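Trainee: I would like to go through some ring pairs and contacts. Please show me the structure, and I will ask about the terms.

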Amino acid sequence: MATVLEFDTLIIGGGLAGLQAAIQLGRSLHHVAVADNGVGRSTIAKNYRNILGYPDGVSGQQLRSLGEQQARQFGVSFFSGTVNSLTQNEDGRFRAELTGLDQEPVEFLAKTILLSSGIKDPFPTIKGMDPCLGESIFICPDCDGYEIVNQHALVIGSGNHAVQMAKTLRYFTKTITIVNHDGAKVGEPEQVYLVQEAIPIHHEPIVQIEQEEGRLKRVELASGIGIAVEKGFLAFPGAKLQTSLLAGFDLQRLDTGHILANPRTKETTYRNIWAAGDVVAHSQQVTISLGDGSQAAIWIHKRLLEMAKGNG
């Protein structure tokens, strides 16, 4: 039988938005739990270089570790595992069930919920790629376009998505090669663009990436062709929002599937459920996620004060 634990707020997703919210709520003297399954963009990003205060960069894992340590100082509890269900009791409290990675199953009762479970990216499995993610292979031109200035950049992607990424990256470098890794169809307008801009494209998968301490050196294609390259970007469709836990709640979403949240408070259209980070529509930047988490926490605190007065 699962242990039942009661909290003021349950934060589902211990990435950067969730951790920032946990710190803020802990400092507001609330009883807070963070449930996290240990996956997500911040777990694989080796080096964020566009964050204030980290001129030499910082890894996602380092930020997560520091954030958890900081939150624990304010009494926040952490649980490793996957939240499998989320419902609401007749008394208004939310009930969540967690299957633990290193502990027995747990049931949470919480007055408020913050969903900060992020996005799951459709990265292909390529030998040698993992050490490069966030170090020399990127996904976000807004975050890391600067890293390829005047260098040879490789776009590893799918059909038109790869071509669109190449168009965006042309602002930063004129030397780009595309590998259409999954062989998806490339439209006629996109083919014309590639010819006009003299951008080579290979319609075959990469079988191996050669790297040194995360620094991209060379890729080998299925045909045996080798391409020497300095940096890379991934461009695949199908990133999935991790929002299925809210399927049973009558709340609004955007056409993209993102959760609609009040721009001022980050509360969803379902009372006492908040959303922060990549599950809401924004530029998918670490700094924005941090702001989302802090903003949501401030308004969760206000709601908890209302509840304490019997007005929640």
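Mentor: Ring pairs link Phe7, Phe79 and Phe108 into a cluster. This is a predicted model: local features need pLDDT of at least 70, side-chain atom pairs count only at pLDDT 80 or more, and totals for chains, interfaces and linings use all residues. Residues are numbered from 1 along each chain as its sequence is written, and side-chain values use heavy atoms, with hydrogens and water left out.

Trainee: What makes two rings a pair?

Mentor: Rings of Phe, Tyr and Trp (its six-membered ring) pair if their centres lie within 6.5 Å. Planes under 30 degrees apart count as stacked, over 60 as edge-to-face and the rest as tilted. By this rule the count comes to seven aromatic pairs.

Trainee: Why is the pair of Phe79 and Phe108 called edge-to-face?

Mentor: Look at the distance and the angle. The centres of Phe79 and Phe108 are 5.0 Å apart, and the planes make 80 degrees. The distance is within 6.5 Å and the angle is over 60, so the pair is edge-to-face. Phe79 is in strand 3 (residues 77-88) and Phe108 in strand 5 (residues 106-115), 29 residues apart. Strands are DSSP runs of E, at least two residues, and helices are runs of H or I, at least four, numbered from the N terminus.

Trainee: How do you know whether Phe79 and Phe108 are buried or exposed?

Mentor: Buried means under 20% relative accessible area, exposed over 50%, partly exposed in between (1.4 Å probe, protein chains only). Phe79 has 13% and Phe108 has 0%. Both values are under 20%, so both residues are buried.

Trainee: What kind of pair do Phe94 and Phe249 form?

Mentor: A tilted one: 6.0 Å centre to centre, 55 degrees between the planes. Phe94 lies in strand 4 (residues 94-100) and Phe249 in the loop between strand 15 (240-241) and strand 16 (273-275), so the pair ties together parts 155 residues apart in sequence.

Trainee: How do you know that the charge of Lys167 sits over the ring of Tyr193?

Mentor: NZ of Lys or CZ of Arg must be within 6 Å of the ring centre and within 35 degrees of the ring normal. The charged end of Lys167 is 4.9 Å from the centre of the Tyr193 ring and counts as sitting over it. Lys302 sits over the ring of Trp299 too, at 5.2 Å.
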